[in-house]
Amino acid sequence: MPQDASEPTVTGAAAKPAVTAPLSQTDDGPVRTLTLDDAARRNPLSEEMMAALQGALCTAGGDHNVRAVVIAANGPAFSAGHDLRQLTARRSDPDGGRAYFSALMTACAQLMQAVVHAPIPVIAAVEGVASAAGCQLVASCDLAVAGANARFCTPGVNIGLFCSTPMVALSRNVSRKAAMEMLLLGEMADASTAREHGLVNKVVEPGEALGEAQRMAGIIASKARGVTAIGKEAFYRQLEMPLADAYAYAGEVMVRNMLEADAREGIGAFLDKRAPTWSDNP
């Protein structure tokens, strides 16, 4: 994992004791599911939740028995975004909350980058509303499955707080016009619209998003972990490059990949018409 994917620390004018976030973890073979479990508060990305989620992602990335991660949530909302009560409480700090707000935004950015930089694919399973930073989390994931009841929005403009950080992930997933529509109008986009925009990969019946996400994760988990790690890293790196640089970089990655044992085994198995045996099988 990159160094910037270390667990974030949010500090402010007054130190607070650590709080365990309501985040649960289950494993089904090589697929790990992380579930936001603060349904009563609509699963906000509080500082505790962000730290717990990032820590869980880093742990999964370092566990070679885990080959894919699904992020799901309990209750009627996937995530309502940042905990506005937590933010508002810090306005009484001597600096009006500036230091705390800055640290929280840094922690949020670190979490989203941890999703992108994780050496294993991360899939969002969305039921209900994914709002603001919750929508940002979905956009940051490599894949996303939505129940037909899912809704997506970046409604900060409605409360005087433009969704500038969710904008980073959103604008890297959907077209500029679609991103600006969501950011400027602050309206809900239904699951089918989100799929048209490219924010989610699939729309399934309500209540079936988790099962479909886990099915997709299982398919990914059957591949060589090292190969998917090479591919995921290369995908995000080349996106930021000019075309010629992207081809040069991707060519170098292909050469390095071709020299790996799993490429030799996979190509050999294909030619021999047999199932491959990956070097990093658990």
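Here is a short tour of the pockets, a surface patch and some salt bridges in this predicted model.

**Stop 1: the largest pocket**

Start by selecting Met 112, Val 116, His 117, Ser 140 and Tyr 236, the lining residues that lie nearest the centre of the largest pocket. The lining has 36 residues in total, and the space inside comes to about 870 Å³. Now colour helix H3 (98-117), helix H4 (133-140), strand E7 (143-147), helix H5 (164-171) and helix H9 (225-239); each of these gives at least two residues to the lining. Colour the lining by class and you'll get 22 nonpolar, eight polar and six charged residues.

**Stop 2: the second largest pocket**

Next, pick His 82, Leu 84, Leu 87, Ile 159 and Leu 161, which sit closest to the centre of the second largest pocket. This pocket holds about 600 Å³ of space and has 22 lining residues. By class, the lining of the second largest pocket splits into 13 nonpolar, eight polar and one charged.

**Stop 3: a nonpolar patch**

Switch to a surface view and select Val 157, Phe 162, Met 167, Met 180, Leu 184 and Leu 185. Together they make a nonpolar surface patch with about 480 Å² of accessible area. Which helix gives the patch its largest share? That's helix H6 (residues 176-185), with three residues. Click on Leu 185, which belongs to H6: its relative accessibility is 42%, so it counts as partly exposed.

**Stop 4: salt bridges**

- Arg 41 and Asp 38: their closest N and O atoms are 3.0 Å apart. Asp 38 is buried because its relative accessible area is 14%, under the 20% cut-off, while Arg 41 is partly exposed at 42%.
- Glu 212 and Arg 215: the closest N and O atoms are 2.8 Å apart. Both are in helix H8 (residues 209-221), and they're about one helical turn apart because three residues separate them along the helix. Glu 212 is buried at 14% relative accessibility, and Arg 215 is partly exposed at 41%.
- Glu 265 and Arg 274: here the closest N and O atoms are 2.7 Å apart. Is Glu 265 buried or exposed? With 18% relative accessible area, Glu 265 is buried, whereas Arg 274, at 39%, is partly exposed.

Finish by selecting Asp 27, Arg 32 and Asp 63, which are joined in a salt-bridge network.

Technical notes:
Residues are numbered from 1 along each chain as its sequence is written. This is a predicted model: local features need pLDDT of at least 70, side-chain atom pairs count only at pLDDT 80 or more; totals for chains, interfaces and linings use all residues. Side-chain values use heavy atoms; hydrogens and water are left out. Patches are made of residues with over 30% relative accessible area and no salt bridge: like charges are joined within 9 Å, nonpolar side chains (Val, Leu, Ile, Met, Phe, Trp, Tyr) within 5 Å. Accessible areas come from the Shrake-Rupley method with a 1.4 Å probe; for residues, only the protein chains shown count as cover. A salt bridge is a side-chain nitrogen of Lys or Arg within 4 Å of a carboxyl oxygen of Asp or Glu. Helices (H or I, at least four residues) and strands (E, at least two) are DSSP runs, numbered from the N terminus. Buried means under 20% relative accessible area, exposed over 50%, partly exposed in between (1.4 Å probe, protein chains only). On a 1 Å grid over the protein atoms alone, a cavity is a set of points where a 1.4 Å probe fits but cannot get out, and a pocket is an open set with protein on both sides within 12 Å along at least five of seven lines; lining residues have an atom within 4 Å of a point. Grid points are joined across faces, edges and corners, and a volume is the space filled by probe spheres set on the points. Ala, Val, Leu, Ile, Met, Phe, Trp, Tyr, Cys and Pro count as nonpolar, Asp, Glu, Lys and Arg as charged, and the others, Gly among them, as polar.
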